[in-house]
Amino acid sequence: MDANLQMIAKVAAVCNNASITQEKQKYVAHGMPTEAAPKFLVEKMALPEESKGAESSNERDLLSCCQKWNEFERRSATLEFDRDKKSMGVIVNSVSGKKSLLVKGAVENLLEKSTKVQLLDGTVVHWMIAQGTISCKLFMRCQLVL
């Protein structure tokens, strides 16, 4: 899994307040459907190759990949969805000891506050350098300095 897909999976799993349960023959989303759908996406994507040995002891867990991402990146604070900012964020402590702010929301609002972006090839560059060479339609990861 490339760096961009890993970032999509990480944000979709960790920066998310929805839950999903299985009741008889159906899956039931608790929370906003637009929050639950990305969790299903994470399960379809599976874990990165380097994390395969870290799979859940019960691989049949409904959200085992989401659970693993939440173990890799532990939430220490949540910035609830704000209608004006059109975003939600979580501050996480990674197992490597790094602190990060994971944010999802409207691209146009996030770019105003961004200092760095992740390009399609996975490299992270300063936003000011990238502005003249990339389109806002490319997948970008906003990274705010903590």
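In strand β4, the residue bridged to Thr78 is Val90. What we are looking at is a predicted model, where local features need pLDDT of at least 70, side-chain atom pairs count only at pLDDT 80 or more, and totals for chains, interfaces and linings use all residues. Residues are numbered from 1 along each chain as its sequence is written, and side-chain values use heavy atoms, with hydrogens and water left out.

That bridge belongs to the pairing of β3 with β4, residues 87-94, which is antiparallel and runs over 7 bridges. Two strands are said to pair if DSSP finds at least two bridges between them. Helices (H or I, at least four residues) and strands (E, at least two) are DSSP runs, numbered from the N terminus.

The sheet itself is open and has 3 strands, in the order β3-β4-β5, with antiparallel pairing. β3 (73-82) and β5 (99-105) each have a single partner strand and stand at the edges, so one side of each is left without a neighbour in the sheet. On average, neighbouring strands here are turned by 15° against each other, direction ignored. For angles, axes are lines fitted to C-alpha atoms, for helices over the stretch in contact, and angles run from 0 to 180 degrees between N-to-C directions.

Now the whole chain, briefly. The protein has 5 helices and 7 strands, and along the sequence they follow the pattern α-β-β-α-α-β-β-β-α-β-β-α. There are 146 residues, and 36% of them count as buried. Buried means under 20% relative accessible area, exposed means over 50%, and partly exposed is in between, with a 1.4 Å probe and protein chains only. Of the contacts with a separation of 6 or more, 42% come from residues 24 or more positions apart. A contact means heavy atoms within 4.5 Å.

Next, the helices on the sheet. Helix α1, residues 3-14, lies across β3, β4 and β5 and runs at about 85° to β5. Helix α3, residues 64-72, lies across β3 and β4, at about 105° to β3.

How do α1 and α3 pack, by angle and by distance between their axes? The angle is about 95° and the axes are 9 Å apart. The two helices are therefore roughly perpendicular to each other. In these terms, angles under 35 degrees are roughly parallel, over 145 roughly antiparallel, 65 to 115 roughly perpendicular, and the rest oblique. From α1, the contact is made by Gln6, Ala9, Lys10, Ala13 and Val14, and from α3 by Cys66, Trp69 and Asn70. Those residues divide into 5 nonpolar, 2 polar and 1 charged. Here Ala, Val, Leu, Ile, Met, Phe, Trp, Tyr, Cys and Pro count as nonpolar, Asp, Glu, Lys and Arg as charged, and the others, Gly among them, as polar.

Staying with α3, its buried residues include Ser64, Cys65, Cys66, Lys68, Trp69 and Phe72. Among the elements covering the buried residues of α3 are α1, α2 (33-45), β3 and β4.

The structure holds 0 disulfides, a disulfide being a pair of cysteine sulfur atoms within 2.5 Å. Relative accessibility is 10% for Cys65 and 2% for Cys66.

Back to β3, where Glu73 sits. Is Glu73 buried or exposed? Glu73 is buried, at a relative accessible area of 8%. Leaving out residues up to four places away in sequence, Glu73 touches Lys10, Val14, Val92, Asn93 and Ser94.

There is also a hairpin. Strand β1, residues 19-23, pairs with strand β2, residues 26-30, in the antiparallel sense over 5 bridges. Within it, Gln22 stands opposite Tyr27. The hairpin has 2 residues between its strands, and Lys24 is in the turn.

Last, backbone angles. Most residues other than glycine have a negative phi. Lys24 has a positive value, near 55°, and counts as exposed at 80% relative accessibility. Lys86 has a positive phi of about 55° and is not a glycine either. Lys86 lies in the loop between β3 and β4 and is partly exposed, with a relative accessible area of 41%.
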